[in-house]
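Reader: Before I rely on any label attached to this model, I would like to see the criterion behind it. Could we go through the terms one by one and set each value against its definition?

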Amino acid sequence: LQLKFTNNAIDLGDGMHTSGLFLTICRVNHDCVGNCEHYYLAEHGVMMLVATRNIRAGQEVTFSYVSDCATHGQRTEKLMHWGIHCQCSVCAAPAGATGEALDRMAKLDATLLAQGSRGKIDKALKTGRKLLDLYAEHSSSLMLRSRTCYDMFGLAVTQRSSQAEAQRLIDESVALDCLFFGRADLSVCQEKQGFASDISSH
């Protein structure tokens with residue numbers, strides 16, 4: 001029973017490694033470039049499954065079981081936890097355009113976080129801009145783009161010279177969240193809206 005729970009549970013994303021078993025979503029299979037994304041709404045106690053692109057009638061619904069910001073090698077290693085040997089279109093041709101783009105996204109994301117943690121704000125923002133351009137080019141998920149905008153906002157707002165960019169980034173993160181959730185009255189949206197109305201409150 002414990003093994004079945006472990007193999008089918010989904011991390012709630014609360015930073016405490018809390019997991020939950022959701023009887024419908026646990027049936028969704030993995031794809032490194034899935035057509036859906038999930039998000040846990042704590043105030044409602046539900047796991048949302050949101051389409052990230054058009055899904056044809058009869059087409060399988062999928063999402064990635066691992067971080068969107070992981071290289072092919074990292075994804076392969078993590079998927080072994082479920083005994084999965086992924087044969088999606090990306091893993092079948094990891095050196096292809098999409099596979100290379102995913103690897104580059106993962107490396108840029110890691111670089112952005114490393115530069116930011118070392119206080120190299122201008123370099124981190126430059127890296128982040130490249131990452132956002134790559135996300136846009138490959139129509140990456142709204143939540144992934146929103147998270148990167150929010151991470152960059154947290155860096156930009158610490159410098160007087162980048163206040164205008166900080167405002168633009170938090171506004172974009174709020175807009176992407178509203179597109180993803182289809183509403184603006186959720187707590188995850190309202191906190192960011194507070195920062196957008198007064199970035200000095202961050």
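Author: Contact means heavy atoms within 4.5 Å. By that criterion, and leaving aside its neighbours within four places in sequence, Q159 is in contact with I121 and D122. This is a predicted model, in which local features need pLDDT of at least 70 and side-chain atom pairs count only at pLDDT 80 or more, while totals for chains, interfaces and linings use all residues. Residues are numbered from 1 along each chain as its sequence is written, and side-chain values use heavy atoms, with hydrogens and water left out.

Reader: Where does Q159 lie, and how far apart are Q159 and D122 in sequence and in space?

Author: Q159 belongs to the loop between α6 and α7; Q159 and D122 are separated by 37 residues in sequence and by 9.3 Å from C-alpha to C-alpha.

Reader: What makes S162 buried?

Author: Buried means under 20% relative accessible area, and exposed over 50%, with partly exposed in between (1.4 Å probe, protein chains only). S162 has a relative accessible area of 5%, and is therefore called buried. S162 sits in the loop between α6 (142-156) and α7 (163-181), and, apart from neighbours within four places in sequence, S162 is in contact with L125 and A156.

Reader: Why is Q87 called exposed?

Author: The relative accessible area of Q87 is 65%, so the label exposed applies. Q87 is placed in the loop between α2 (72-79) and α3 (89-92), and the C-alpha atoms of Q87 and C32, which are 55 residues apart along the chain, are separated by 9.3 Å. Over the protein chain, buried residues make up 40% of the 202 residues.

Reader: What are the helices and strands of the protein chain, and how many of each are there?

Author: Helices (H or I, at least four residues) and strands (E, at least two) are DSSP runs, numbered from the N terminus. Counted in this way, the protein chain has eight helices and six strands, and from the N terminus on the elements run α-β-β-β-β-β-β-α-α-α-α-α-α-α.

Reader: What makes the protein chain as compact as a globular protein of that length?

Author: The radius of gyration, taken over C-alpha atoms, is set against the globule rule of 2.2 Å times the number of residues to the power 0.38. The protein chain has a radius of gyration of 18 Å, close to the 17 Å that the rule gives for 202 residues, so the chain is as compact as a globular protein of that length. Along its principal axes the C-alpha trace spans about 50 × 40 × 35 Å.

Reader: How do you know that strand β4 and strand β5 are joined?

Author: Two strands pair if DSSP finds at least two bridges between them. Six bridges join strand β4 (residues 36-41) to strand β5 (residues 46-51), and the two run antiparallel. In β5, A51 is the bridge partner of C36, and L49 stands opposite H38. The hairpin of β4 and β5 has four residues between the strands, and G45 takes a positive phi near 65° there.

Reader: What is the phi of S139?

Author: S139, in the loop between α5 (121-137) and α6, has a positive phi of about 50° although it is not a glycine. Most residues other than glycine have a negative phi.
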